[in-house]
Amino acid sequence: MYKYRGVNISIVEGDITKIESDAIVNAANNTLLGGGGVDGAIHRAGGPMILEQCKRIGGCPTGEARITTAGNMPSKYVIHTVGPIYKDGKQGESELLYRAYYNSLKLLAEYNLKTIAFPSISTGVYAYPKQEACHIAVKAVMDFVDNEAGIERVMFVLFSKDDYLLYKDILDGTICNKLD
Ligand code: ADP
């Protein structure tokens with residue numbers, strides 16, 4: 001575990017639908033109507049209430065975030081955010097990915113929630129290079145902690161050992177205050 005300005009930051013290898021947190025983040029698409037990857041897993045595990053609420057919300061622009069119940073999952077809420085589809089890195093992808101993380105954290109704070117779990121947004125079907133995506137994720141979290149109070153724990157939930165080790169490397173090199 002890591003600590004940055006009093007906020008616990010941790011990495012876990014596993015399935016985000018099993019995590020207990022105030023909110024888990026879904027790497028959704030603009031329709032919010034479900035898809036493959038982590039999006040499909042969240043809708044399957046959470047049940048139909050999530051889709052019902054997503055339909056009422058009516059979609060989400062890239063880089064923004066929306067909130068629903070987590071249905072049958074152990075967490076309370078799902079924050080749906082839409083990361084960019086990676087083309088060549090010259091279409092504003094990094095800014096959009098940054099905003100997806102940052103706006104998810106803003107929504108968490110708006111709802112007075114304290115703990116959040118992120119998957120590696122955009123690095124699956126949306127093909128964002130993993131190392132750069134990880135740097136952006138960590139920077140967005142640290143910037144948020146620098147600017148806003150209230151959150152207590154940020155967890156990065158990685159679906160593969162390789163992703164876990166990548167995050168570990170980058171966090172080891174970024175955050176000085178490492179615990180255990
Ligand atoms: P995107 O379309 O934003 O790229 P994907 O769902 O395709 O979203 O992939 C994002 C990341 O989520 C990938 O690293 C993928 O391995 C991971 N992932 C897939 N299923 C799960 C899950 N159940 N829990 C956590 N991460 C997952």
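Biologist: How do the residues of the shell around the ligand divide into nonpolar, polar and charged?

Modeller: Ala, Val, Leu, Ile, Met, Phe, Trp, Tyr, Cys and Pro count as nonpolar, Asp, Glu, Lys and Arg as charged, and the others, Gly among them, as polar. In this predicted model, the shell holds seven nonpolar, six polar and two charged residues. Residues are numbered from 1 along each chain as its sequence is written, and side-chain values use heavy atoms, without hydrogens and water. Local features need pLDDT of at least 70 and side-chain atom pairs pLDDT 80 or more, whereas totals for chains, interfaces and linings use all residues.

Biologist: Which residues come nearest to the ligand?

Modeller: A residue is near a molecule if one of its heavy atoms lies within 4 Å of it. Of the 15 residues around the ligand, Asp15, Val38, Ser122, Gly124 and Val125 come nearest.

Biologist: Which atom of Asp15 lies 2.9 Å from a nitrogen atom of the ligand?

Modeller: A polar contact is a pair of N or O atoms within 3.5 Å. For Asp15, a polar side-chain atom lies at 2.9 Å from that nitrogen. Ile16 places a backbone N or O atom 3.0 Å from a ligand nitrogen, and Val125 places a backbone N or O atom 2.9 Å from a ligand oxygen.

Biologist: Which helix gives the largest share of the shell around the ligand?

Modeller: Helices are DSSP runs (H or I, at least four residues), numbered from the N terminus. Here, helix H1 (residues 37-46) contributes three residues, the largest share of the shell.

Terms used:
A polar contact is a pair of N or O atoms within 3.5 Å; within protein, one must be able to donate a hydrogen and the other to accept it, and residues adjacent in sequence count only if both atoms are side-chain atoms. Helices (H or I, at least four residues) and strands (E, at least two) are DSSP runs, numbered from the N terminus.
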